[in-house]
Amino acid sequence: MKKLTSILLALCLVLSIGAIAFADEAPTLGFILGSREHAFYCSIEDGINAAAEELGFEAVVLESNLSGDIATERIEDLVTMGVDAISLACNEPAGCTQAIINADKDGVPMFTFDCTTTLTDCVKCFVGTDNYQGGVVGGEATIKALEDMGMTDGAVIGIIGYPEPQSCIDREEGWYSVVNEYEEKYNLTIVNIGNYEGQADIAQQLMDGALTEYPDMACIFTVGDPACIGALAAIKNAGATTKMIGFDANPEAHAAILDEENGKIWFADVAQDPYNIGYQISEQMLKYVKEGTVDEQTILISPYLVDASNAIPQK
């Protein structure tokens, strides 16, 4: 009997040691960026990696190339790997929401950053820019540009959108909320230039068409800096005087704003804090894995306007 009791005690000790070792093991968190071709997502990754080092978890960082189908594959891959939680930039919600739901059902808590989905309520936390407010900032800058140019009667203004990610939809709605208030007051013609699909070359084609129809277009707002790159080329090729406000304030935006020639066109940009987005989504995932809760279901980071007064010279 004593021998059996000793064996049972030894077995319990082994199991206890194993449980403690498992509890002390660093969690593995999975992240799916939109695309490393965008400086914005590279800065988010920098924030993720800094959090991993400082907070003590292993980060597995993949990318979706802005595709819902690829995001679905990445989610499935991370679930198979056995990560403790997953977060993603939900750039194309219709293409990956079911994968988010499936992962949640499999016991893997799901999070989003930068772009989220309204097609399910299983996302534990979203961290991103207050994109609607960012659109408001862009709209206010558009109206101020018209006022500074003395173009408050009959000007043509436009927007290049991307009505697939919720973040860009919010930016567009924020911009319209401002400029629509001035439509009658300033006799504005407001042009939806089109969907640039996240591609600079498509933005250039859209802007070429817009300037053909409205050669005196005064000012445009774009929902992402890649659109500004394409639109800038179109404006310069046409010899137009159109001014432009972007969104993201990537390094190329800072460089353009401070450039003697390009800054006459690309004069301002709405800035985000991607490093902080990466760090904070990591904090929330880790807290949920350890405590089963998050600070807030939605954490929004305020945007601000970059112009020649605060743009950062690029090395």
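This is a predicted model: local features need pLDDT of at least 70, side-chain atom pairs count only at pLDDT 80 or more; totals for chains, interfaces and linings use all residues.
Q: What is the volume of the largest pocket, and which residues lie nearest its centre?
A: The lining of the largest pocket comprises 16 residues. Its volume comes to about 280 Å³. The residues nearest the centre are S43, A249, H254, Q272 and P274.

Q: Which helix gives the most to the lining of the largest pocket?
A: Three helices, α2 (39-55), α9 (251-258) and α10 (274-291), each supply at least two residues of this lining. With three residues, the greatest contribution is that of α2.

Q: How do the residues lining the largest pocket divide into nonpolar, polar and charged?
A: The lining of the largest pocket holds 16 residues in total. By class, they are nine nonpolar, five polar and two charged.

Q: Which residues of α10 make the contact with α2, and what is the handedness of the crossing?
A: From α2, the contact draws on F40, S43, I44, D46, G47, I48, A50, A51, E54 and L55. From α10, it draws on P274, Y275, I277, G278, Y279, S282, E283 and L286. Across both helices, these residues divide into 11 nonpolar, four polar and three charged. The crossing of α2 and α10 is right-handed.

Q: Which helix gives the most to the lining of the largest cavity?
A: The largest cavity is lined by 19 residues, with H38, Y41, C168, R171 and D248 nearest its centre. By class, the lining has 10 nonpolar, six polar and three charged residues. Both α2 and α6 (166-182) supply at least two residues each. The largest share, three residues, comes from α6.

Q: At what angle do the axes of α5 and α6 cross, and with which handedness?
A: Helix α5 spans residues 131-148, and its axis comes within 6 Å of that of α6. The crossing angle is roughly 40 degrees. The handedness of this crossing is right-handed.

Q: How do the residues of the contact of α5 with α6 divide by class?
A: On the α5 side are N131, Y132, G135, V136, G138, G139, E140, T142, I143 and E147. They meet S167, D170, R171, E173, G174, W175, S177, V178, V179 and Y182 in α6. The division is seven nonpolar, eight polar and five charged.

Q: Is α3 oblique or roughly parallel to α4?
A: The axes of α3 (residues 68-81) and α4 (residues 93-105) come within 7 Å and cross at roughly 15 degrees. Angles under 35 degrees count as roughly parallel. The relation of α3 to α4 is therefore roughly parallel.

Q: Which residues of α4 make the contact with α3?
A: The crossing of these two helices is left-handed. The contribution of α3 consists of G68, D69, A71, T72, I75 and V79. That of α4 consists of G95, C96, A99, I100 and A103.

Conventions: Residues are numbered from 1 along each chain as its sequence is written. Side-chain values use heavy atoms; hydrogens and water are left out. On a 1 Å grid over the protein atoms alone, a cavity is a set of points where a 1.4 Å probe fits but cannot get out, and a pocket is an open set with protein on both sides within 12 Å along at least five of seven lines; lining residues have an atom within 4 Å of a point. Grid points are joined across faces, edges and corners, and a volume is the space filled by probe spheres set on the points. Helices (H or I, at least four residues) and strands (E, at least two) are DSSP runs, numbered from the N terminus. Ala, Val, Leu, Ile, Met, Phe, Trp, Tyr, Cys and Pro count as nonpolar, Asp, Glu, Lys and Arg as charged, and the others, Gly among them, as polar. A crossing is left-handed if the near helix is turned anticlockwise from the far one by less than a right angle, and right-handed if clockwise. Contact means heavy atoms within 4.5 Å. Axes are lines fitted to C-alpha atoms, for helices over the stretch in contact, and angles run from 0 to 180 degrees between N-to-C directions. Angles under 35 degrees count as roughly parallel, over 145 as roughly antiparallel, 65 to 115 as roughly perpendicular and the rest as oblique.
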